[in-house]
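Here is a short tour to read alongside the sequence and the 3D view. Take a look around first, then come back for the details.

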2 protein chains.
Amino acid sequence: MSATHSGTARVEFWFEFASTYSYPAAMRVGAAARAAGVALDWKPFLLGPIFQRQGYESSPFLAHADKGRYMWRDVERLCAKHGLAWRMPSAFPRTGVLAARVACSHVDAPWLPDFVRAIYTANFAEDCDIGTPAAVRDALVRAGVADPDAALAFAQRDDEKPKLRRNTEAAQARGIFGAPSFVVGAELFWGNDRLEDALDWARR
Amino acid sequence: MSATHSGTARVEFWFEFASTYSYPAAMRVGAAARAAGVALDWKPFLLGPIFQRQGYESSPFLAHADKGRYMWRDVERLCAKHGLAWRMPSAFPRTGVLAARVACSHVDAPWLPDFVRAIYTANFAEDCDIGTPAAVRDALVRAGVADPDAALAFAQRDDEKPKLRRNTEAAQARGIFGAPSFVVGAELFWGNDRLEDALDWARR
């Protein structure tokens, strides 16, 4: 059943692999949506172009030192609260472009959620540079992908690459300004804190 | 008993009367702290000088249109969730300087929490300009203050006025960059969403 042809409750989960607060959301959203009986659409996108339109050269957490300091401690506390592994990354923000391309090209693959979680785990629990092809390939292996090299190559085809830009434009069209974000119909919810509210809204 | 001489769990609640997200927090924090058995210190301060140091002329919600649009809808949803009255203010941000001076000068008065809630209700449920002496006086009356004119006059004495600036400087010293914020010992929690986490932390 598709979203437009059924009454199934659905939520779009918009995430960026560089985003710290997307990490706990990505690790929780699958089980939470399943428990709530809400169908889940994984929506990888890039924050870079969105932050640039806001006047930031990189992450706003780098531009605002107090907020950045707070964010690191807050995410550490959140991970402890949710029982998630956490290791302060030695580089931030890391580029998630290749990983996001793979996610866009294989968004309906059964291994997609495991791949997403493997990338986030590498970035925020293992301090790995997720920007390299080797790291992305490793996440594909961890997700049980039979032919990781083919999956990587497919995502880098010229006719596949525009998917990520289109997702990023679709995010902007929905008014998304940060990650993670959840969209339920016309309603936007921003932040890991809003996961439960978004699922509640989808079930109304 | 004072915070320094007892083992009582305590939380500081840092709020700014112009702040939208401080509204649901201010309406909830008294009952929530009481239910948790946590002592509460009301800490009025001004966001203006803090936002200016971040490079903003006014509220960041005015500087970032998408985020501003989202905030209004999000606060409306939050108020519905918490059963709080909500009316979109026709002016934002309103100056809460006089009200904050009154709160600073009477922070230990038994009527202080009711006064704080009356100001927030005027701003965000009744669309009143809380910047006027008449509106602040009205909130004092609603809080049951026997001599509202004396309370107002006291807060505007030259030897009382510095209290608000000192609170704002103390907020900055704690690394506070937005409102509402909660402080438990050395731990900072930012946002209405973190009220429960802050109280949990205080009880550890």
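This is a predicted model: local features need pLDDT of at least 70, side-chain atom pairs count only at pLDDT 80 or more; totals for chains, interfaces and linings use all residues.

Residues are numbered from 1 along each chain as its sequence is written, while chains are lettered from A and ligands numbered from 1 in the order in which they are written.

Back to the pair. Helix α6 (residues 112-124) and helix α7 (residues 133-142) of chain B have axes that come within 8 Å and cross at roughly 130 degrees. Axes here are lines fitted to C-alpha atoms over the stretch in contact, with angles from 0 to 180 degrees between N-to-C directions. α6(B) and α7(B) are therefore oblique to each other; that word covers whatever is left after under 35 degrees (roughly parallel), over 145 (roughly antiparallel) and 65 to 115 (roughly perpendicular).

Who does the touching? On α6(B), F115(B), A118(B), I119(B) and A122(B) take part, and on α7(B), A135(B), A139(B), L140(B) and R142(B). Contact means C-beta atoms, placed from the backbone, within 7 Å.

## Chain A as a whole

Chain A has ten helices and four strands. These are DSSP runs numbered from the N terminus: helices are H or I with at least four residues, strands E with at least two.

With 204 residues, a compact globule would have a radius of gyration near 17 Å, and chain A agrees at 16 Å. That radius is taken over C-alpha atoms, and the globule rule is 2.2 Å times the number of residues to the power 0.38. The C-alpha trace of chain A spans about 45 × 40 × 35 Å along its principal axes.

## A closer look at Y21(A)

Y21(A) sits in the loop between β1 (10-15) and α1 (22-36) of chain A. Is Y21(A) buried or exposed? Y21(A) is buried, because 21 other C-beta atoms lie within 10 Å (the cut-off is 20 or more for buried, 12 or fewer for exposed, partly exposed in between).

Y21(A) and A179(A) are 158 residues apart in sequence, yet 7.1 Å apart in space, C-alpha to C-alpha. Leaving out residues up to four places away in sequence, Y21(A) touches V75(A), P180(A), G191(A) and N192(A).

How values were computed. Two residues are in contact if their C-beta atoms, placed from the backbone, lie within 7 Å.
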